[in-house]
Amino acid sequence: MFKNLEIFQMAGALARHAETRQTMVAQNIANADTPGYKARDIASFAETYRTQDASTMRTTRAGHLTGSSQPYDTRIIAGTGSESPNGNNVSLETEMMKSVENTGQHKRAMAIYKSSLNILRLSLGRK
């Protein structure tokens, strides 16, 4: 009954987006010295969420009816930083900033989830 509440799905999608983006940041940092490597990122959560129109089904888990392995569009965006002489454009400072943003996004998702769960419990008369 309460399994498909939109707020829980959105909080879960936000947390998964932060996880996916953090994976990209880790890959970028790991390849900071790789010649020719281009930094990658994914679209923002707001953009991703907005592009899913209401007529299509939103999926929250891999393998839902869309057949997609990703619960939402995770377009890979090439970084736009300046290139070093070896063709690498990874900026460690930029990646650190993205990592901090991801941490905040994940904490926000967990706070939304926890708050929504408390509201649901209170509405049922339980603490």
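1. The UniProt record, an unreviewed entry, places the feature "domain: Flagellar basal body rod protein N-terminal" at residues 19–38. The model discussed here is predicted. Over residues 19–38 the chain is 60% helix and 0% strand.

2. The structure holds one aromatic pair. F8 and Y113 form this pair, with an edge-to-face arrangement. Their ring centres are separated by 5.0 Å, and the angle between the planes is 70°. The arrangement counts as edge-to-face because the angle between the planes is over 60 degrees. The pair links distant parts of the chain, as F8 belongs to helix α1 (residues 6–30) and Y113 to helix α3, 105 residues apart.

3. Y113, with a relative accessible area of 38%, is partly exposed.

4. The largest nonpolar core consists of six residues: A13, L14, A15, F45, Y49 and A109. Helices α1 and α2 (45–51) are the elements that give two or more residues to this core. The largest share, three residues, comes from α1.

5. When neighbours within four places in sequence are left aside, F45 is in contact with M10, A13, L14, H17 and Q105. Among these partners, A13 and L14 are also listed as members of the largest nonpolar core.

6. D41 lies in strand β1 (residues 40–42). The relative accessible area of D41 is 14%, so this residue is buried. The side chain of D41 is joined to that of R21 by a polar contact of 2.9 Å.

7. K98 is placed in helix α3 (residues 92–123). With a relative accessible area of 11%, K98 is buried. Leaving aside neighbours within four places in sequence, K98 is in contact with R21, V25, N28, R40 and D41. Two of these partners, R21 and D41, are the residues whose side chains are joined by the polar contact of 2.9 Å.

8. D41 itself is buried, with a relative accessible area of 14%.

Key. Residues are numbered from 1 along each chain as its sequence is written. This is a predicted model: local features need pLDDT of at least 70, side-chain atom pairs count only at pLDDT 80 or more; totals for chains, interfaces and linings use all residues. Side-chain values use heavy atoms; hydrogens and water are left out. Helices (H or I, at least four residues) and strands (E, at least two) are DSSP runs, numbered from the N terminus. Buried means under 20% relative accessible area, exposed over 50%, partly exposed in between (1.4 Å probe, protein chains only). Contact means heavy atoms within 4.5 Å. Rings of Phe, Tyr and Trp (its six-membered ring) pair if their centres lie within 6.5 Å; planes under 30 degrees apart count as stacked, over 60 as edge-to-face and the rest as tilted. A nonpolar core is a set of buried Ala, Val, Leu, Ile, Met, Phe, Trp, Tyr and Cys residues joined through side-chain atoms within 4.5 Å. A polar contact is a pair of N or O atoms within 3.5 Å; within protein, one must be able to donate a hydrogen and the other to accept it, and residues adjacent in sequence count only if both atoms are side-chain atoms. UniProt positions are given in the numbering used here, feature names are shortened, and annotations may be inferred rather than shown by experiment.
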